[in-house]
Amino acid sequence: MKCANLAVLLVFLQNAIALNATITTTLQNVPTPLPTQVEYLTEPQATLNKPQFMPEPFANVTGSLNNNGVCQCSVYLPDTTFPVQKVEILEITARVLSEKFESELTKVSQYTKAIEIYEQKIRNLTIKVEHMESTSVSYTELDFQFLKLEINEMERLVTQLKSTLVGSNVIVEQLYVEIRNLTLMVNQLESLDQHNILAIRREIVTLQNRLKECEKDKNQTTAPPYFPPGSCGHGGIVNISQPYIVQLNWRGFSFKYGAWGRDYSLQTPEKDLYWVAPLNTDGRLLEYYRLHNSYDDLLLFKNARDYRIAYGEGSGTAVYKNFMYYNIYSSRDMGKLDLNTNTLAVRKTLPNAAYGNRFSYAGVNWQDIDFAVDESGLWVIYSTEESTGNIVISKLNETTLDVLHTWKTRQYKPSVSNAFIICGVLYATRPVNTRKEEIFYTYDTNTEQEAKVSIIIDKMLETVQSINYNPSDHILYVFNDGYLVKYNLIFQPVLH
């Protein structure tokens, strides 16, 4: 309609300009007596008694002759001056409207091309939606989001077209209706998810986000509370640090089994004595061990003292107050080795203990008898035939190796990968996969209560051969497929 009205206006302006030229030419060719006639006709004496009427332009009139034979007639001129300024204003307005018309016409051309493209997109989307509606193929939320994104983009364009094209926009209205129908169809498909796949996935995403927030908050917590060496004023292990790999054991990569740690003494907790005891390549015989007087010496392989031991077996070795405790080869006997002289100080049989790889740890052979050290002294972890392979814990007299007290658990020892004791509480581990271990079981000898826990330990290699705890620094010393690895422990404060 705009286009038609503008065309009519242009034609009218052209006619007005032509009329202006014609009238100007006519006025220039009027005979000279005309002003006299006009002047005469405008005299009031001549027209006083004449009847008043509105003559029509270009009409034939009747004249008369006066006494002198001159013809007289009345001529009506509507205005003495032609409105040239108004015509110029009309010309300027026409030119502006013409420019606007050309601009709008260009936009319409561009929008027409865009509409053709999006019409094809609507057809493709319609095919996709109909296919999703008619088939039972599983679809994901990403499919719905992709469809919604394209539909929203087309809806934005059509809305823009509606606001620009006033009048002839039937095609745009039809496109807008089709897009709205597509939106309703996609929403209906999404709500008719029979297997609740999208709802479950959204719930999983929500839980994952909450878990990330919890981990973020946990990483932003303050430093863990400090507990002095030998202190048990905490609520047990709550977390474990990432592994710190010290080095490969001094005998090489082929010696995958063994144990290592730091000596602990209540009298001199600040004293450093680090020991490394790899087994032979058969994973059974303990024949050599090495001592370092400082951690720096251990790192740099300096000032090492190497010793040979007679008939040791397994990776259950521990060092306490400058004595090494180990299982005598192919027996249920316990050995106490003086590290100052490298001599066997005490040999004692552990009553009813199974041996000969009868109830060793999972994935680790020849560790039927496992020694442990905590804040209160020396312990031994083992199994008996009477306990049907379940873990038995005994507190030992470190001087005589006599059993002071025994606790029987309900945890099967061969299903455990390793164990250690902190403040009288046994912590048992098991493998989760080749890169993670889990502390899953505890037994408190103070209360004789057992519990299930879940504390994940990252490990460098697949198999953990031994774990030794040192109360001086609250560190776990782990022998992991020949590598010496350390873990810092984080304890839970006791709430009063």
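This is a predicted model: local features need pLDDT of at least 70, side-chain atom pairs count only at pLDDT 80 or more; totals for chains, interfaces and linings use all residues.

**Entry 1: a sheet to start with**

I began with an open sheet of 7 strands, ordered β5-β6-β7-β8-β9-β10-β11, with antiparallel pairing. Strands here are DSSP runs of E with at least two residues, helices are runs of H or I with at least four, and both are numbered from the N terminus. Two strands pair if DSSP finds at least two bridges between them. β5 (258–262) and β11 (343–349) are the edge strands with a single partner strand each, so one side of each has no neighbour in the sheet. On average, neighbouring strands of this sheet are turned by 35 degrees against each other, direction ignored. For that angle, axes are lines fitted to C-alpha atoms (for helices over the stretch in contact), and angles run from 0 to 180 degrees between N-to-C directions.

Residues are numbered from 1 along each chain as its sequence is written, and side-chain values use heavy atoms, with hydrogens and water left out.

**Entry 2: the whole protein**

I counted up the elements next: the protein has 8 helices and 22 strands. Of its 496 residues, 38% are buried. Buried means under 20% relative accessible area, exposed means over 50%, and partly exposed is in between (1.4 Å probe, protein chains only). The accessible surface comes to about 29000 Å², and carbon and sulfur atoms hold 55% of it. Those areas come from the Shrake-Rupley method with a 1.4 Å probe, and for residues only the protein chains shown count as cover. I also checked contacts (heavy atoms within 4.5 Å). Among those with a separation of 6 or more, 53% are between residues 24 or more positions apart.

**Entry 3: β9 and β10**

Back in the sheet, I looked at β9 (residues 323–328) and β10 (residues 333–338), which run antiparallel and are joined by 5 bridges. F323 has D338 as its bridge partner in β10. In the loop between β9 and β10 I found S330. Its phi is near 55 degrees, which is positive in a residue other than glycine. S330 is partly exposed, at 41% relative accessible area.

**Entry 4: two loop residues**

N352 sits in the loop between β11 and β12 (370–374). N352 is not a glycine, yet has a positive phi of about 65 degrees. It counts as exposed, at 57% relative accessibility.

T384 is in another loop, between β13 (377–383) and β14 (390–396). Is T384 buried or exposed? It is buried, with 7% relative accessible area. Beyond its neighbours within four places in sequence, T384 contacts N352, A353, A354, F359, G389, N390 and V392.

**Entry 5**

β16 runs antiparallel to β17 (residues 425–433), with 5 bridges between them. A419 has A428 as its bridge partner in β17. The two strands form a hairpin with 2 residues between them, and C423 in the turn has a positive phi of about 55 degrees.

Which cysteine does C423 join? A disulfide links C232 to C423, with S to S at 2.1 Å; the rule is a pair of cysteine sulfur atoms within 2.5 Å. C232 lies in the loop between α7 (197–219) and β3 (234–240) and C423 in the loop between β16 and β17, so the pair ties together parts 191 residues apart in sequence. The link is left-handed, with -95 degrees about the S-S bond. C232 is partly exposed at 39% relative accessibility, whereas C423 is buried at 15%.

**Entry 6: cores**

Last, I looked up nonpolar cores, which are sets of buried Ala, Val, Leu, Ile, Met, Phe, Trp, Tyr and Cys residues joined through side-chain atoms within 4.5 Å. The largest has 21 residues, and I237, I240, F420, I422, L476 and L489 touch the most other members. β22 (483–493) is one of the strands that supply at least two residues, and it gives the most, with 5. Apart from this core lies another, of 17 residues, including Y264, L350, A353 and L378.
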